[in-house]
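Try each task yourself, then follow the solution step by step.

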Amino acid sequence: MSQKYPVTVSSWTLGDKCTFEERVSAAKEAGFEGIGLRAETYVDALAEGLHDEDLLNILEKYGMKVTEVEYIVQWAEDERSYEQKYKEQICFHMCGLFHVAHINCGLMERYSVEHTAQKLRELCQRAGDLMIGVEPMPYSGIPDVKRAWEIVKASGCGNAKIILDSWHWLRADQPVDLKVLEGIPAEKIVSVQINDVYERPYAKNVLRDESMHDRLAPGTGCGDTAAFCRMLKEKGVEPLAFAVEVISDQILSRGVAEAARYNFEATRQVLQQSWKEILPEQGE
């Protein structure tokens, strides 16, 4: 990798209709340093007839790495389904296979801080040396960074961290202001995802639909992605992955290669204004 903070194309940005090699090739050609994989897209790759060794060989062929693994959910349930237990184990396996140190996790269900912190503690114990990144999302049981920090802090786990996504940040009506992060150690923010928003959000009861279908590329909306990046840089955040998560039916309809190219170019322009140190080196 050319940088300490690999510029990564998140799994959803390139959808779930491409082959593993198409995903890696498109990301490399666009300029990304790493790709994100969900448990589902990893299983899709296996369903192509590929084995773990094949995946590693394809990554080596293009000089790429997997730098983001996701997504563990429903981890605060007292009775978890076998599907979720298996998915958790797949994420653990992926981290070992691809040498990724953290896993993105979300929680749609809302419980008390005490209950959620206890369940996070149990998840962190199962994860061992891996870091668990809790992602606040405005339509979820952890709607904003304040509640995420309350839960992470109450868990008392060194490997409990927070993921910050600019779309979720803005749709939670949080100002892009360092004061919002006051009291949260920079090292507790394990990774960053960027994108952009339309001026007018979807209605609250369908906000998740906007999140899953209608995001904008960084710097192309009204969210001031550059200011979000500058805030995190000033905070001293050192993300293990700097990811671009633009879930957009419209952009993806142009094809995987064009979606990768368009999102990387938008990201490059944002980083030129806000966090040049994260940009891949020329020629890499």
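Helices (H or I, at least four residues) and strands (E, at least two) are DSSP runs, numbered from the N terminus. This is a predicted model, in which local features need pLDDT of at least 70 and side-chain atom pairs count only at pLDDT 80 or more, while totals for chains, interfaces and linings use all residues. Residues are numbered from 1 along each chain as its sequence is written, and side-chain values use heavy atoms, with hydrogens and water left out.

**Exercise 1. Find Phe-242 and work out what surrounds it.**

Step 1: Go to strand 8, where Phe-242 lies.

Step 2: Check its accessibility. Phe-242 has a relative accessible area of 0%, so it is buried (buried means under 20% relative accessible area, exposed over 50%, partly exposed in between, with a 1.4 Å probe and protein chains only).

Step 3: List its contacts (heavy atoms within 4.5 Å). Leaving out neighbours within four places in sequence, Phe-242 is in contact with residues including Tyr-5, Val-7, Val-192, Cys-229, Leu-271 and Ile-278.

Step 4: Look along the chain. Phe-242 and Thr-8 are 234 residues apart in sequence, yet their C-alpha atoms are separated by 5.8 Å.

**Exercise 2. Is Glu-245 buried or exposed, and which residues does it touch?**

Step 1: Glu-245 sits in the loop between strand 8 (242-244) and helix 10 (249-252).

Step 2: Apply the cut-off. The relative accessibility of Glu-245 is 5%, so it counts as buried.

Step 3: Collect its partners. Not counting residues up to four places away in sequence, Glu-245 touches Ser-10, Trp-12, Glu-70, Glu-135, Asp-165 and Arg-215, among others.

**Exercise 3. Describe how helix 9 and helix 1 each pack on helix 11.**

Step 1: Start with the geometry of helix 9 (residues 225-235) and helix 11 (residues 256-274): their axes are 9 Å apart, at an angle of about 50°. That makes helix 9 oblique to helix 11. Here axes are lines fitted to C-alpha atoms, for helices over the stretch in contact, and angles run from 0 to 180 degrees between N-to-C directions. Angles under 35 degrees count as roughly parallel, over 145 as roughly antiparallel, 65 to 115 as roughly perpendicular and the rest as oblique.

Step 2: Get the handedness. Helix 9 passes helix 11 in a right-handed crossing (left-handed if the near helix is turned anticlockwise from the far one by less than a right angle, right-handed if clockwise).

Step 3: Name the residues. Thr-225, Ala-226, Cys-229, Arg-230 and Lys-233 of helix 9 meet Val-270, Leu-271, Gln-273 and Ser-274 of helix 11. Sorted by class, this contact of helix 9 with helix 11 has four nonpolar, three polar and two charged residues. For the classes, Ala, Val, Leu, Ile, Met, Phe, Trp, Tyr, Cys and Pro count as nonpolar, Asp, Glu, Lys and Arg as charged, and the others, Gly among them, as polar.

Step 4: Turn to helix 1 (residues 20-30). Helix 1 and helix 11 have axes 8 Å apart, at an angle of about 35°, and their crossing is right-handed. Here Glu-22, Ala-26, Ala-27 and Ala-30 meet Val-256, Ala-257, Ala-260, Arg-261 and Phe-264 of helix 11. The contact of helix 1 with helix 11 has seven nonpolar, no polar and two charged residues.

**Exercise 4. Which residues of helix 2 are buried, and what do they pack against?**

Step 1: Pick out the buried positions in helix 2: Ala-39, Thr-41, Tyr-42 and Ala-45.

Step 2: Find their partners. The buried residues of helix 2 pack against helix 1, strand 2 (34-38), helix 3 (52-62), strand 3 (65-72) and helix 4.

Step 3: The axes of helix 2 (residues 39-47) and helix 4 (residues 82-98) come within 10 Å and cross at roughly 75°. That makes helix 2 roughly perpendicular to helix 4.
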